[in-house]
Amino acid sequence: MNIEVLKSKIHRVKITQAELHYVGSVTIDEDLLEAANMIEGEKVQIVNVNNGERLETYTIKGERGSGMVCLNGPAARKAQVGDIVIIISYAHMDFEEAKSFEPSIIFPDANNKLL
């Protein structure tokens, strides 16, 4: 049996931009993506701590070291610059494998930089 489990999480980052007139996605500083074991094009869930909005989209690499977290396209309506969000990805795996799987979870600072 396969189940879906937490694979990666970027916990509490600040939205730095919202670009409505852009093809949908979320642009994330490449340092954050790598630290969280995420890749460009990966499906993610974004949970907005400020307003409770939840959405699914995919990742785009942002400039390394920039701290960028930018919601693009229609997702830009779900958050405002300065909102705090949690970015989550999941993986499907065998039930027994999932018991010992360790997700990658990072806790950036207030400027979206790695601690």
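The following questions and answers go through a predicted model of one protein chain.

Student: How many helices and strands are in the chain, and what pattern does the chain follow along the sequence?
Tutor: The chain holds two helices and eight strands.

Student: What radius of gyration does the chain have, and what would a compact globule have?
Tutor: The C-alpha atoms fill a box of roughly 40 × 30 × 25 Å along the principal axes. For 115 residues, a compact globule would have a radius of gyration near 13 Å. The chain agrees with that, at 14 Å.

Student: What percentage of the residues of the chain count as buried?
Tutor: A residue counts as buried when its relative accessible area is under 20%. The chain as a whole exposes about 6400 Å², and carbon and sulfur atoms supply 51% of that area. Of the 115 residues, the buried share is 44%.

Student: Among contacts between residues at least 6 apart in sequence, what percentage join residues at least 24 apart?
Tutor: Contact here means heavy atoms within 4.5 Å. Among the contacts between residues at least 6 apart in sequence, those joining residues at least 24 apart make up 84%.

Student: How many Å apart are the mean positions of the positive and negative charges?
Tutor: The chain has 12 positive and 17 negative charges.

Student: Which residues touch the most other members of the largest nonpolar core?
Tutor: This core has 19 residues. The elements that give two or more residues to the core are β1 (2-14), β3 (25-29), α1 (30-35), β4 (43-48), β6 (69-72) and β7 (84-94). The members that touch the most others are I10, I46 and I87.

Student: Which residues is I46 in contact with, leaving aside neighbours within four places in sequence?
Tutor: I46 is one of the core residues that touch the most other members. Leaving aside neighbours within four places in sequence, its contacts are V26, E53, R54, L55, T57, L71, V85, I86 and I87.

Student: Is D29 buried or exposed?
Tutor: D29 is found in strand β3. Beyond its neighbours within four places in sequence, D29 is in contact with G62, E63, R64, G65, S66, G67 and M68. The C-alpha atoms of D29 and G67 are 5.4 Å apart, although the two residues are 38 apart in sequence. With a relative accessible area of 1%, D29 is buried.

Student: Why does M38 count as buried?
Tutor: M38 is found in the loop between α1 and β4. Not counting residues up to four places away in sequence, M38 touches K7, S8, K9, I10, L33, V44, I87, I88 and S89. The C-alpha atoms of M38 and S8, 30 residues apart along the chain, are separated by 6.9 Å. M38 counts as buried because its relative accessibility is 5%.

Student: What is the phi of R12?
Tutor: Most residues other than glycine have a negative phi. R12, in strand β1, counts as partly exposed at 42% relative accessibility. R12 is not a glycine, yet its phi is positive, near 65°.

Student: What is the relative accessible area of N112?
Tutor: N112 lies in the segment after β8 (104-106). N112 has a positive phi of about 65° although it is not a glycine. N112 is buried, and its relative accessible area is 2%.

Student: Which residues is K14 in contact with, leaving aside neighbours within four places in sequence?
Tutor: K14 is found in strand β1 and counts as partly exposed at 31% relative accessibility. K14 and D109 are 95 residues apart in sequence, with 9.3 Å between their C-alpha atoms. Leaving aside neighbours within four places in sequence, the contacts of K14 are V69, G82, D83, I84, A110 and N112.

Student: How many Å separate the C-alpha atoms of Y90 and E63?
Tutor: Y90 has its place in strand β7 and counts as partly exposed at 38% relative accessibility. Not counting residues up to four places away in sequence, Y90 touches E4, V5, L6, K7 and Q45. Y90 and E63 are 27 residues apart along the chain, and their C-alpha atoms are separated by 24 Å.

Key. Residues are numbered from 1 along each chain as its sequence is written. This is a predicted model: local features need pLDDT of at least 70, side-chain atom pairs count only at pLDDT 80 or more; totals for chains, interfaces and linings use all residues. Side-chain values use heavy atoms; hydrogens and water are left out. Helices (H or I, at least four residues) and strands (E, at least two) are DSSP runs, numbered from the N terminus. The radius of gyration is taken over C-alpha atoms; the globule rule is 2.2 Å times the number of residues to the power 0.38. Buried means under 20% relative accessible area, exposed over 50%, partly exposed in between (1.4 Å probe, protein chains only). Accessible areas come from the Shrake-Rupley method with a 1.4 Å probe; for residues, only the protein chains shown count as cover. Lys and Arg count as positive and Asp and Glu as negative; His and the chain ends are not counted. The place of a charge is taken as NZ of Lys, CZ of Arg, CG of Asp or CD of Glu. A nonpolar core is a set of buried Ala, Val, Leu, Ile, Met, Phe, Trp, Tyr and Cys residues joined through side-chain atoms within 4.5 Å.
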